[in-house]
Structure formats: C-alpha cells, structure tokens
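Okay, everyone, I'll keep this short. Let's have the model up on the screen and walk through a couple of packing details.

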Amino acid sequence: MANLAVRVGEFCLRNPVMPASGCFAIEYAEALDLNNLGALVIKSVSPKSRAGNPTPRVTEAYSGMLNSIGIPSKGLDYYRREVLPAYTRYDTPVVVSISADTVDEFADAVAEMSLPEVAVIEANISCPNLEADGMAFAMTPETTYKVVTAIRRKTNHPFWAKLTPNASPIAAVAKAAEEAGADALVMGNTVLGMSIDVRTRKPKLGNVMGGLSGPAIKPIAVRMVHQCYRSVRIPIIGCGGISSADDAVEFLLAGASAVQVGTASFLDPGVMQKIIDGLDAYCREMGVENVRDLTGQVEIDRQLSDRWLRFAQQSG
Amino acid sequence: MANLAVRVGEFCLRNPVMPASGCFAIEYAEALDLNNLGALVIKSVSPKSRAGNPTPRVTEAYSGMLNSIGIPSKGLDYYRREVLPAYTRYDTPVVVSISADTVDEFADAVAEMSLPEVAVIEANISCPNLEADGMAFAMTPETTYKVVTAIRRKTNHPFWAKLTPNASPIAAVAKAAEEAGADALVMGNTVLGMSIDVRTRKPKLGNVMGGLSGPAIKPIAVRMVHQCYRSVRIPIIGCGGISSADDAVEFLLAGASAVQVGTASFLDPGVMQKIIDGLDAYCREMGVENVRDLTGQVEIDRQLSDRWLRFAQQSG
Amino acid sequence: MNDRYKYLRLAADADLAGATRPGQFYQLRCPTTNDLQPFLLRPMSVYGVGPESGTIEFLYNVTGAGTLALSTLEVGSGIDIVGPLGNTFVLESSVRRIMVVARGVGLATMAPLLQLAAKSGIGITAIMSARAPKDLMRDEFLRDVDADVHCVYDSDGSSSVEAMEALVRHLLDSRNHDVVYTCGSHRILMLLQRLLENYPQTRGEVAMEQRMACGMGVCLSCVRLFDKDGDKQFLRVCREGPVFPIREVVGEVEFG
Amino acid sequence: MNDRYKYLRLAADADLAGATRPGQFYQLRCPTTNDLQPFLLRPMSVYGVGPESGTIEFLYNVTGAGTLALSTLEVGSGIDIVGPLGNTFVLESSVRRIMVVARGVGLATMAPLLQLAAKSGIGITAIMSARAPKDLMRDEFLRDVDADVHCVYDSDGSSSVEAMEALVRHLLDSRNHDVVYTCGSHRILMLLQRLLENYPQTRGEVAMEQRMACGMGVCLSCVRLFDKDGDKQFLRVCREGPVFPIREVVGEVEFG
Ligand SMILES: Cc1cc2nc3c(=O)[nH]c(=O)nc-3n(C[C@H](O)[C@H](O)[C@H](O)COP(=O)(O)OP(=O)(O)OC[C@H]3O[C@@H](n4cnc5c(N)ncnc54)[C@H](O)[C@@H]3O)c2cc1C
Ligand SMILES: Cc1cc2nc3c(=O)[nH]c(=O)nc-3n(C[C@H](O)[C@H](O)[C@H](O)COP(=O)(O)OP(=O)(O)OC[C@H]3O[C@@H](n4cnc5c(N)ncnc54)[C@H](O)[C@@H]3O)c2cc1C
Ligand SMILES: Cc1cc2nc3c(=O)[nH]c(=O)nc-3n(C[C@H](O)[C@H](O)[C@H](O)COP(=O)(O)O)c2cc1C
Ligand SMILES: Cc1cc2nc3c(=O)[nH]c(=O)nc-3n(C[C@H](O)[C@H](O)[C@H](O)COP(=O)(O)O)c2cc1C
Ligand code: FES
Ligand code: FES
C-alpha cells in the first residue's frame, strides 16, 4: 500500500481524490464509502435564493457534456440547517463551495459559512460577477484580486479559489488569487460552450450556453494546471475531465496536489473509489512511495528545444 | 439540388466548405476533386525560414488531437515559386494563410503575398507575437487592432483574420478586427492543451504544449462563432471540430457564413466531399433552398429566461 | 419487436428481479462505436424482470445515438447499468381496480405494474393509445394479464382528446377505480389531470421523463415543477420521481 | 499469432493486392469501444496480399489503445482503411542477392519484399533478431520462401551489436549482396549504416516509423531529418518514406 496522503497547504487529506462541486451529493453514499474520499465537496450555494436555469439543463457532447444547471439555492440558512448536516457526519473533511453575485455578498457568505464543522471554503469565483456585467470574477487578475482580498479579510478558514478555464491570462489570474491570500487554487471549472439542434434549430440547453466538462477538456485543464504551477507557490487542485487513476496522475505530474472528479461520476458513481485504488496500484507499479511526490514531476527537457533547433538548423 | 453558394463579404464560394489551414495540402487531390471545394486554404507560411517544432508533433486526446507542428517554412519566395502553383491550377479560389512574428513583418508578408493568383489572404493572428512576449496577436483587442490595421494598410486583397479560442474577450477581439478593417473572421484556431505520459512522465508533445482540435472543441468553437456573430457585421467562417454536414449546419446556424474542416480530414481524407453532399441532403430534407439562409438562424427564445423565472418564482 | 421498438434482456449476477419495483428505471451505458459515441448514460424503465433473479428486461424506442447504439448490441455481449433508480408506482393493498392509460413506449414503464396488480388479484382497466393498430403492441403490454382492454388510435380519431375524455369518463363512471396510472403522453396526462378533478376518490400517478445526467439525484439537471398543496417546488425526476401524483404536475409551460 | 503479435486479414472490393507494393502501409481506423477510443488512424505496414485481389494482411504488436482495440475485432466485422500509402522498397531487376535484417514486428513490413524477391529468383539472406527463440516467428516471416536464415537472440547474446556486426560483415564478405534492407530496430539501423561505409557497392534501405496524423503528407507531423549528399532536410515518413536509404538517415538525436 503506497502512502496516498497529501497536503493542500496546512490541510491534510487521506488521499488526493475528492468530488468536484455540483457533481456530488449525499446520494452517492449509495455507491461509495464516503469515509474513503479525500474530502467531500458540496454543490455551490449562493446567499440569494434562486431557481437555477431553465431546462433542458444538460446535453451531451463528444467525450463530454454541457450543463447549465446554474446554482439553485434556498439561501445559506436553509443550507446550513438542511443540507450541511448530512455531510458533516462522515470522517472526511467537508468543503463548502460558495457562489455570489458581488464582492461583498461573496465575502459575507464565506464569513457566514466559516463554521467549525466546515473544513474548507471553496469560492467558486468562476461564477458571474454582477458588478462586472456578468463576467465571471476569475476572468481577469483585477477582479480576482478584489474578490479574493475581500474574502480573505472575512475568514480564517482555509479557502480555495476555483478558477475558470475561460480566462486567458490564467497565470496572472492565479498569481492575483495567491497574492490576495487564497490558500489554494482549484483549476478549474467548465469551459463555456454551446450546442444547437440542427433539426429544430434550437439551442440544446434552455440557457443557450453552458459549461463543457468531461474528458474533452482534459488537455486544456492539464495545461492550465501546469501554467498555474509555474506561476504560484500555493497548492493547486486539478479538475477537468478526470475519469481514471492515470488521468489523476497526469494532473499531479502537471503540478496538482490533489484532484477533483466531476462528470466521470455521472457515468460511474463508483469511479472515485476506483481512482483511489488505481492510484495505489500506479504507485506500487512505478515504485512511488508517496503519491504527494508526484506533484509537478513532469519531466520537461528544457534543452530539447535548443537541441532541436541546432539539429534543425542543419537542414537547408 | 439546393443552392449551396455562399458569400463571404464580396467573395463568392460555390459552397461553404473549405479546408482549415495546416490540415490540407495538394496531396488530398488523391482523395477529393479539388474543383468541388468552396476554397483551397493552404498551410500557413511565415516570411522567416524555420524548421517547425520538435517531434513528436502530434498526440491524440479524447475526441481530438493535440498538435505542435509549428509553422515550418522556407520563406515567401520559395512558397510562391514551389508551393503556390500547385494550388492555383484549380478552378477554386486559393486562400493563402500567413503567420509572422511582428506587426511589420505580418503586414509586409501579406503585401508580398497579395498576388493576382491569390484570392484571399488569411492572417493567422493566433500565432505568437514576439513583440508581446510570445502572446498571440489575437489574445487581446489591442494587439489585434494593431496588427489588423497594419495589414489592412498594405493590402487591397480580401483578408480574413483567424482568431484564437484561447482569447477570453472574444467579442471584443472580433470587434477590434472588424474595426481595423478585416473583411471576415475565421473562428477559430486550436485550443492550447497539454498531455503527459504517466509512465515516462514526459510531455506527449516535443513542444510540451500544443493545440487541441477535433470534435472535443466543437462546443467551444460554436459558442465563440455565436459570440462573434452577435458582436460584428463582417462574415464569420466557423472552424473547430467539424466532421459532418450536421456539424457544418450547426456552425452556420450559430452565425457562420462558411466553414473550415481540419482534423476530420485526417480521419477520412474524403470527408469534405461528404460534408458538401450532406449539406445538400440536409437542405433538401429540411426544405432549405439556399444554404446561405441558414447563417445565424439559431432560434433563441429571448423570452425563455423570463418565462422560466416567472414560472420558477412560483416555487417556494 | 418491430421497426421502432426494440427489446433488450440482460442477465446479471445480482438479484435485479428482487430489487426492482414497478416504475423504477436503470441508467444504461450504451455501446460506443466508430459512428455512435453516446456520452451520458440513458435512463430506461424496467419493462420486466425474471424469471431468473438476475434477469431484467427493457423495451425501447430507437430515437437517437444512444438507443441506436443499443440496438447494435449483439446477443451475448455485456453492458454496464446503474440501478434500480427512482421511486415506484404505489399500489396499496386496499386497491380493488386500477386504470392504466398507456401510449407509445410508456407501456414499457407500466407493464410491471400490470403484472403486480394481476398477481394481487386487482382488476385492471387498460386503455392503450397508438397511431394505428399495427403500432399497438397489445400483447407486449399485457403479457397474458387479464384486463378490460380499450384500444384507441390516431388513425380512426378514437385517440383524440374529446373521444378519450368520453371513454375515460364512461369507464370511471361505470366502475370504481382506486388509481389511474399513466405514462408516455403529455396530452393524456393533462387530460387525466383535468378529469380527476371530478373523481376525488381516485388517485392518479404518472411516470415522467426529463433529461438526466447522474440519474441519482446529484446533478439537478432533471427537475420539473410540482405543486404540493399550493407549495410549488422543483423536484428531481430521477429521485423524487419518476412517478408523481398526477394532480401535482405543473404542466403550464414547456421549456423544450 | 502469439501473446504479443496479432494477425489481421481484410477483404475489400478494390484490388488491394494489385495496388500495394512491398514497404507500403495503410492507415487503419481502429474500432471504438466504451473503454478504448483511439482517435487517430494507426499506420500499419502491409504484411501480405492475396491470393484474392481484395485481400490484404497485417501483423501487429499490441502496444496501446489502437492495437488493443484492433485485437477486439471479431471475425467478419469491418473496418475503414486508407491506402496504400507511402513509397516502396526498391528492388531493381538487376539485383541477384539481398540481405534482410529484421527485428520484432519489423518482419511484417519486410515479408512482402521476401515474396517479391523469391518470385523474381533473387537470393535472400535473412537475419532475424528476437529476444528469445520463442519470439522469433520465423515461419511467419519466411512464409515458405527459401532463404539463407540466421537467427540471433538477446537471450544468448548473439543479437548484441558486436556479435551482429561480426555476423553481417562475415555474410557481406562471403557473398555479394546488392541491397540490405532493414526494419524494426534503431540499433540495427545504426549498425548497418556504419557497416555499409565499407561496402559502397551495396545499397541499403530502411523502413522508418514516426507519429502520424494524416498519413498522406499533409500535416507535417511525421518528419525526420535526412542527409541527401550533405543537404540535410526534413522529410515526411508517410510520403517521402516510409522507406529511406540507410545512408541518408540522420540518427544522432532522439526526440522522444
Ligand atoms: C425515467 C425514464 C424512463 C425511461 N424509460 C424509457 C423506456 O422504457 N423506453 C424508452 O424507449 N425510452 C425511455 N425513456 C426515454 C429514453 O431515456 C430516451 O428515449 C433515450 O434517452 C434517448 O436516447 P438517444 O440517445 O437514443 O436519443 P438522443 O436524442 O440522441 O439523446 C440525447 C440526450 O437526450 C436524452 N433524452 C432524449 N430523449 C429523452 C427522453 N424522452 N427522456 C429523457 N431523456 C431523453 C438522452 O438521454 C441523451 O442524454 C425513459 C426516460 C426516463 C427519464
Ligand atoms: C509506416 C508505419 C508502419 C507500421 N507498421 C506496423 C506493423 O506492421 N505492425 C505493427 O505492429 N506496428 C506497425 N507500426 C507501428 C504502429 O503504427 C504502432 O504500433 C501503433 O500505431 C500503436 O498504436 P496504439 O494505439 O496501439 O499505441 P499507442 O501508444 O496508444 O498510440 C498512441 C499514438 O502514438 C502512435 N504510435 C505509437 N507507436 C508508434 C510507432 N511505433 N510508430 C508510429 N506511431 C506510433 C499511434 O499511432 C497513436 O497515434 C507502423 C508504424 C508506421 C509509422
Ligand atoms: C452538472 C454540473 C454541475 C456543476 N455545478 C458546479 C457548481 O455548482 N459549482 C462549481 O464550482 N462547479 C460546478 N461544476 C463544475 C465542476 O465542479 C467541474 O469543475 C467541471 O465539471 C470540470 O470537471 P469534470 O470534467 O471532471 O466534470 C458543475 C459541473 C457539472 C457537470
Ligand atoms: C496538424 C495541424 C496543423 C495546423 N496548422 C495550422 C496552420 O498552419 N495555420 C493555422 O492557421 N491553423 C493551423 N491549424 C489549425 C486548424 O486550421 C484549425 O483551426 C483547428 O485545427 C481547428 O479545426 P478542426 O477541429 O477542424 O481541426 C492546424 C491544425 C492541425 C490539427
Ligand atoms: S439526473 Fe441528476 S439529479 Fe436527476
Ligand atoms: S502524417 Fe501527416 S504528413 Fe506524414
């Protein structure tokens, strides 16, 4: 048995595998022993009550799916009273994911949910910022810095900023989150996409656009994890298209300290346990004693380009 | 037989189907009648001679592939003398794709290639801008405006700006290209990705990162075409993951006036002809007389959200 | 079965027959081929179970990539399924007679209910609606159960709302029915909802459909709005459903 | 064939046997399953053709998703292939004797050359290298062709560079060989390149491999560097190759 324990900053996990927000709920206790997971990440909650987006809310894509669930919410009180207790019963740290519409609302919500029974707060700053025309907080370094600073002021809980792959200056966004005091980054959320039914001419999602997730986005997420890893010193939790232990290892090698599994659970509710077991098997096969030693260990040959150029220059 | 002819600005095509740059070369004459295509788009050429990137240059992904070919080039003289003539022999307009390292180099190269036998110039402004630290020209509205303005000053040829899906403010980038005088947009190039071999721990591409293409990126490209369509009045050529007539129609409905087919040709060199035939079949089945009437005809129910909100507000 | 409907029987080591109740469904991982790559699992009602404890049957309509891929499965090949999922039709022991109103592939969902009712000695009135007599699949629905069967068709107009309203009223008036069950047609559901206002002593249940991802209550993609005594709320078809009281369905708006 | 090597025979309506020359390859669209989704086509040398004009044979090594998926193909099923692609081994009519040096699955690529040589009455010296005698596949390589066969193995050290160098030298010295062909081992290629310096009258050809996307010369993914009389240039393995003069290979650098 390899040592699967990892640390995300000060925070210790029995293994690096946890669910992605919105792709996990207590019902999975029927398919998994929740005491075996690294952490339990709950669906995002927003302080404002809302119904979520119109149906249809999901449609499939090649090697992936689009969703526009939105963040249906009955507010924080209801959440604390009716949702949270089911998760805090396990011997596994609980991560509460928060979405909000404005900087202040975000900070206040995080403060309110910084409860003793909550191990970590994940700030889903990939959600729309109403003060910036609905553009997600994490789309620019400036808005990221602002919201993360405000949150940091209001909580002493470990808190992770969940970034969006739709942001092009991802290294700068990551840096901004680090400088503003985030304890870790989750990289990342879904990629904005759209799909049209060519018979009815209607968008396949009620909300027209939605987030692409699943194996289709894995190369994009791996790349962004690696870019973040080169940009910041805080730990990174990789997320996007992970459906096997090999995928998880790929994210660890790229620079992640832990991983989140989303869409893959919809295809196999027991997949997280398989990934945990597979990580152990991988470590034993490859002679890796501690899974945490994999973080960032992609072997990039810095001289390769130069060698190639010299080699290629011989050509006419 | 439906009328498949389309216009991209002043420029008429017998049908909306053309290859994507880098995914087509004269060798496909063995698999296709090149006189049946809408246009012939050639692999990008750069004024500077270069060898391209180290091998391995391709690797596969879920529903797609990553490439880091780079733009191997022997310069414009060689291109004009040795490459171009093979393409201009057909009764199909030829599109020359240009990449360059700096604004001036770009403008000069476009000017030099604005030849009578060339119908259109495609400026691959998704390539790295050495004056901006290697960030692609089309990553920001400002650098886009600058390079497109410079190009426009130097050519009277129809010219298309090829945008990159890695740019997050895509509507603003599109607008900048329009304002700076591009005749049309190609949306878009590959999405930057990365893939690691978990046994060797090495990146699967010699160049570490590379461009994701194929069906995996289709929802992203469709979304961006639609965002561009809402942002500009110049025509848009859709590109990204198209491998069937239904895919082509999806892009037309989203707002494209024509489409480019890339990776799909690698899986079936005859696929462009099948897409052309399939477009005709689609039009006949659906009672569409002119394929050009499909552009932008996605049926978005602007009241849906409101109806949904009113409906949802009933809930407690 | 015929051009449109296909039959699928699976055998597993688990006691699927014992674990599955009428109205429940499974999520099926459809096969992947070069041409068809259904990504999500497909929800499918259980059409029948047994006689072996590991045997389970589905009846499906080929509509898109997933079901088309299913139809390419060769005898003897395996697929992954998740389930049983969802709630069940409720058939109280006090019930004496039920009415089932089925259209299209909705009959697959209700077939196990017929078996259960018959086994419990409960009387069955069955109304079957189809485009034309050749589409009816009467035998596939009844599977030797004894019932008072009424068939209506689009082809002769007998399935029109007016004609069906008259028929259902007539049947409900002539004998007491404790419960009415339906599946497979929104139009019929709305008709029954309206009719049941006049029969307060008769319960009504409908098995609903909605796009699903997880099928287990996790993702919130499959919600529909229901009215529980004036308290309107979104419920998950996969978890609180797929079976809902006919009276609680809020059917005013279609969102595609 | 055995644990590692599989045999695939396809029948098509086209005259594949007539169209395909030794050294050429096809791109195979491997099957897609729930577990294996090879996206790109896989390049595969032709191992044999005929006797029917539409029949073509491949011999492959199960190494990853694509070849694993191939090995799940059931007898009677169909796959799409693109080809024939690439150039061919050259066997001039003036040739009297050739040497073939094969290792591993490289024998598949060279098997058609043996057939052609035998049919033309050309003498054949065959050196076969393998890990151990059980991996050799001698009969699969020769397919009843008469040749002067020498087998070398890792297991007894006879396949070491030194031992092979001595063997090849001895054979080239004892009889005139017009051409030496090889495939399947970079080490052997480098050895032959070095040795051929001493045998200027002997041509050498090698069939190379490289990652491919299009297989038709379009995408520029499959380049390798070659030295044409001091003019170094990148050539496409799929188009200018896969067969190249041994002397022109630039083998100094491995890029993964
Ligand atoms: C609880 C439940 C039970 C069902 N039982 C049966 C049954 O017994 N027999 C049967 O033939 N069909 C049944 N259906 C409908 C069946 O799930 C769809 O016909 C099937 O998913 C279509 O998949 P496809 O890939 O062929 O079609 P596509 O149109 O390609 O499917 C695309 C996507 O839309 C979803 N989708 C399409 N139609 C429906 C639908 N009507 N309901 C929910 N999702 C849909 C698919 O699951 C998939 O995610 C049931 C649906 C639900 C929700
Ligand atoms: C011209 C040519 C002829 C060949 N002939 C044969 C043959 O007759 N028999 C045989 O067993 N093998 C042959 N190969 C090698 C064969 O193409 C690879 O073994 C095969 O592609 C591996 O695919 P995979 O999915 O099983 O492995 P994976 O490792 O999963 O493949 C991943 C990707 O790498 C590529 N790849 C992996 N190994 C190679 C390789 N050695 N060369 C080129 N691309 C590779 C694959 O095509 C695929 O795109 C030939 C290769 C070339 C270029
Ligand atoms: C149905 C669905 C709902 C989601 N809801 C949330 C959410 O509430 N909050 C959030 O931060 N991310 C949400 N996500 C994004 C996932 O947490 C994850 O970042 C993304 O799906 C990429 O990972 P995957 O490819 O493994 O699914 C959701 C994703 C899906 C598919
Ligand atoms: C192997 C390869 C080479 C490419 N070379 C170029 C190029 O030289 N110039 C360019 O503008 N785009 C290039 N592209 C991008 C394609 O033109 C296209 O924009 C992209 O692949 C998305 O389309 P697809 O999914 O249909 O392949 C290349 C893509 C591939 C796969
Ligand atoms: S399908 Fe996921 S909650 Fe119902
Ligand atoms: S594989 Fe595309 S050029 Fe050789």
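In chain A, helix α3 (residues 103-113) packs against helix α4 (residues 141-154) at an angle of about 30°, with the axes 8 Å apart. Helices here are DSSP runs of H or I, at least four residues, numbered from the N terminus; axes are lines fitted to C-alpha atoms over the stretch in contact, and angles run from 0 to 180 degrees between N-to-C directions. The crossing of α3(A) and α4(A) is right-handed, meaning the near helix is turned clockwise from the far one by less than a right angle.

Now, this is a predicted model, so local features need pLDDT of at least 70 and side-chain atom pairs 80 or more, while totals for chains, interfaces and linings use all residues. Residues count from 1 along each chain as written, chains are lettered from A and ligands numbered from 1 in written order, and side-chain values use heavy atoms, without hydrogens and water.

Who touches whom? On the α3(A) side we've got A:F106 and A:V110, among others, and they meet a set in α4(A) including A:V147 and A:I151; contact is heavy atoms within 4.5 Å.

On to the two chains. The contact takes 61 residues from chain B and 61 from chain A. There are four salt bridges between them, that is, a Lys or Arg side-chain nitrogen within 4 Å of an Asp or Glu carboxyl oxygen. One salt bridge joins A:R199 and B:D246, closest N and O atoms 3.2 Å apart.

How values were computed: Helices (H or I, at least four residues) and strands (E, at least two) are DSSP runs, numbered from the N terminus.
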